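Here is a brief report on selected contacts in one protein model.

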Amino acid sequence: TTPTTTSGLTIFRSIDLDETEEEIKATAGNLYAYYFANTNASARYLKLYNATAANVTVGTTTPVITLYLPPTSAGHVGLPYPISFSTAITAAATTGVADNDTGAPGANEVIFNAFYK
């Protein structure tokens with residue numbers, strides 16, 4: 001590969017992802033990789049939505065992807081094929097796995113970076 005200063009991925013960064021939805025991309029896009037950290041001693045759940053933040057209500061809107069974040073862990077996931085979102089990309093984190101869960105992680109418990117286009 002050749003280094004370039006154009007056509008790269010865009011980075012979304014949140015050091016306090018919680019039950020309040022955060023918009024990664026307001027239009028259709030692809031998720032290529034992500035980094036997460038869960039600083040709490042209990043599991044947390046990352047939820048990704050194919051909708052704009054204005055159209056997501058955590059606990060009501062069904063996420064298209066729910067990911068388990070193990071206690072006191074971090075990781076980087078590079079996807080061999082990007083995940084396509086036809087409308088928009090929005091993220092949230094909760095303390096429970098259920099789609100209707102609205103449990104709020106504490107301040108700075110869930111850190112999330114998304115690499116998208």
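## Basis

A polar contact is a pair of N or O atoms within 3.5 Å; within protein, one must be able to donate a hydrogen and the other to accept it, and residues adjacent in sequence count only if both atoms are side-chain atoms. This is a predicted model: local features need pLDDT of at least 70, side-chain atom pairs count only at pLDDT 80 or more, and totals for chains, interfaces and linings use all residues. Residues are numbered from 1 along each chain as its sequence is written, and side-chain values use heavy atoms, with hydrogens and water left out.

## Glutamate 109

Glutamate 109 sits in the loop between strand E7 (89-94) and E8. Strands (E, at least two residues) are DSSP runs, numbered from the N terminus. The residue is buried, at 12% relative accessible area. Buried means under 20%, exposed over 50%, and partly exposed in between (1.4 Å probe, protein chains only).

The glutamate 109 side chain makes a polar contact with the side chain of asparagine 40, at 2.8 Å. The side chain of glutamate 109 also reaches the backbone nitrogen of glycine 106 at 3.0 Å. Beyond neighbours within four places in sequence, glutamate 109 is in contact (heavy atoms within 4.5 Å) with Ala37, Asn38, Thr39, Asn40 and Arg44.

## Strand pairing

Arginine 44 has leucine 69 in E5 as its bridge partner. Strand E4 (residues 44-49) and E5 run antiparallel and are joined by 5 bridges. Two strands pair if DSSP finds at least two bridges between them.

An open sheet holds 4 strands in the order E2-E7-E4-E5, with antiparallel pairing. Its edge strands are E2 (22-25) and E5 (65-69), each pairing on one side only.

## Aromatic cluster

Rings of Phe, Tyr and Trp (its six-membered ring) pair if their centres lie within 6.5 Å; planes under 30 degrees apart count as stacked, over 60 as edge-to-face and the rest as tilted. The count is 3 aromatic pairs. One of them joins phenylalanine 12 and phenylalanine 112: tilted, 6.3 Å centre to centre, 55° between the planes. Phenylalanine 12 lies in strand E1 (residues 10-14) and phenylalanine 112 in strand E8 (residues 110-116), so the pair ties together parts 100 residues apart in sequence.

Tyrosine 34 and phenylalanine 112 also form a tilted pair, at 6.1 Å and 40°. Tyrosine 34 belongs to strand E3 (residues 29-38) and phenylalanine 112 to E8, so this pair bridges 78 residues in sequence. Ring pairs link Phe12, Tyr34 and Phe112 into a cluster. Tyrosine 34 is buried at 11% relative accessibility, and phenylalanine 112 is buried at 1%.
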